[in-house]
Amino acid sequence: MIEDLTNIPKLPAVFGPARQVAYVVEDIDVAMAQWHEAHGVGPFLVARNAVPLSNAYYRGQRAEKATVHLGFAYVGDMQLELIQLVGDTPSLYKEALDRGDRGVNHYAVCVEDFPVAYNWALDHGFSAVVDAGVDGLARMSYVEQVVSDRRLILEVIEWNALTRPYFTTIEKMVKSADSAKLVHEFNLADITPKFAAFTQMVKFFIKKLFGRVKQTRRPAATPVST
């Protein structure tokens with residue numbers, strides 16, 4: 001598994017480098033222990049019963065809120081994310097569990113111009129599995145490309161003051177955590193500074209006032225990928 005964090009497939013240049021490798025797991029505590037025992041990975045930050053996606057669409061339909069446990073660790077500069085779905089809410093995560101996928105679920109990339117990257121993906125063989133967020137404020141989408149028996153899922157994240165803490169702050173927290181303790185609990189909502197959130201909201205309303213918010217396409221409903 002550790003090779004997955006260094007042997008990353010070449011991604012289209014429009015997305016830039018991968019910042020995260022993510023797995024969907026059945027039991028996050030078992031998975032963290034396995035990563036630590038097999039590869040020495042840890043410590044982990046864990047956010048339990050998180051609902052990370054807001055204003056979300058799943059395959060073109062308004063999404064039910066999916067509750068997850070999230071675990072984060074770092075291997076060098078690469079973020080490792082473990083995701084356990086709580087319950088059986090229809091979602092990207094439920095699809096992975098139903099397929100029996102145990103390898104990499106997706107790679108996260110962060111882009112300065114989300115509409116450009118997102119629309120490029122839709123024009124080049126990717127379909128949107130999940131769309132979340134608000135245009136002009138912060139957007140995220142899981143886009144998927146299936147060629148023959150190969151599946152590539154990218155989590156495309158708009159890189160700004162609201163999203164950077166998911167990487168910069170978490171990395172600092174992981175690397176300063178007591179290494180003698182494998183699991184450190186935290187609240188996902190606490191990692192974004194209030195001033196950064198306020199500043200981003202002000203910028204959003206100014207852009208909206210002057211009609212400068214770039215719009216992205218909302219794709220039509222698509223069937224669950226098997």
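Strands here are DSSP runs of E with at least two residues, helices are runs of H or I with at least four, and both are numbered from the N terminus. The model is a predicted one, so to speak of local features a pLDDT of at least 70 is needed, side-chain atom pairs count only at pLDDT 80 or more, and totals for chains, interfaces and linings use all residues. Residues are numbered from 1 along each chain as its sequence is written, and side-chain values use heavy atoms, with hydrogens and water left out.

Of its 31 lining residues, P52, L53, M140, T163 and Y166 sit closest to the centre. By class, the lining splits into 22 nonpolar, six polar and three charged residues. For this count, Ala, Val, Leu, Ile, Met, Phe, Trp, Tyr, Cys and Pro are nonpolar, Asp, Glu, Lys and Arg are charged, and the others, Gly among them, are polar. A pocket is an open set of points on a 1 Å grid over the protein atoms alone, where a 1.4 Å probe fits, with protein on both sides within 12 Å along at least five of seven lines; lining residues have an atom within 4 Å of a point. Grid points are joined across faces, edges and corners, and the volume is the space filled by probe spheres set on them.

The second largest pocket has a volume of about 350 Å³. It has 15 lining residues, with P9, Y107, R150, R151 and L152 nearest its centre. Strand 7 (106–111), strand 9 and strand 10 supply at least two residues each, and strand 10 gives the most, with four. This lining holds seven nonpolar, four polar and four charged residues.

Strand 5 (residues 67–75) has seven of its nine residues buried, so the rest of the structure largely encloses it. Buried means under 20% relative accessible area, exposed means over 50%, and partly exposed is in between (1.4 Å probe, protein chains only). Strand 5 runs antiparallel to strand 2 (residues 44–50), and four bridges join the two; pairing calls for at least two DSSP bridges between strands. Within that pair, L45 has F72 of strand 5 as its bridge partner. Strand 5 is also antiparallel to strand 6 (residues 78–86), with nine bridges between them. There, T67 stands opposite V86 of strand 6. Strands 5 and 6 form a hairpin with two residues between the strands, and in it G76 takes a positive phi near 65 degrees.

The peptide bond from G42 to P43 is cis, with omega near 5 degrees, and P43 lies in the loop between helix 1 (28–39) and strand 2. Two residues other than glycine have positive phi values: N49, near 55 degrees, and R59, near 50 degrees. N49 is in strand 2 and is exposed, at 51% relative accessible area. R59, in the loop between strand 3 (57–58) and strand 4 (61–62), is buried, at 4%.
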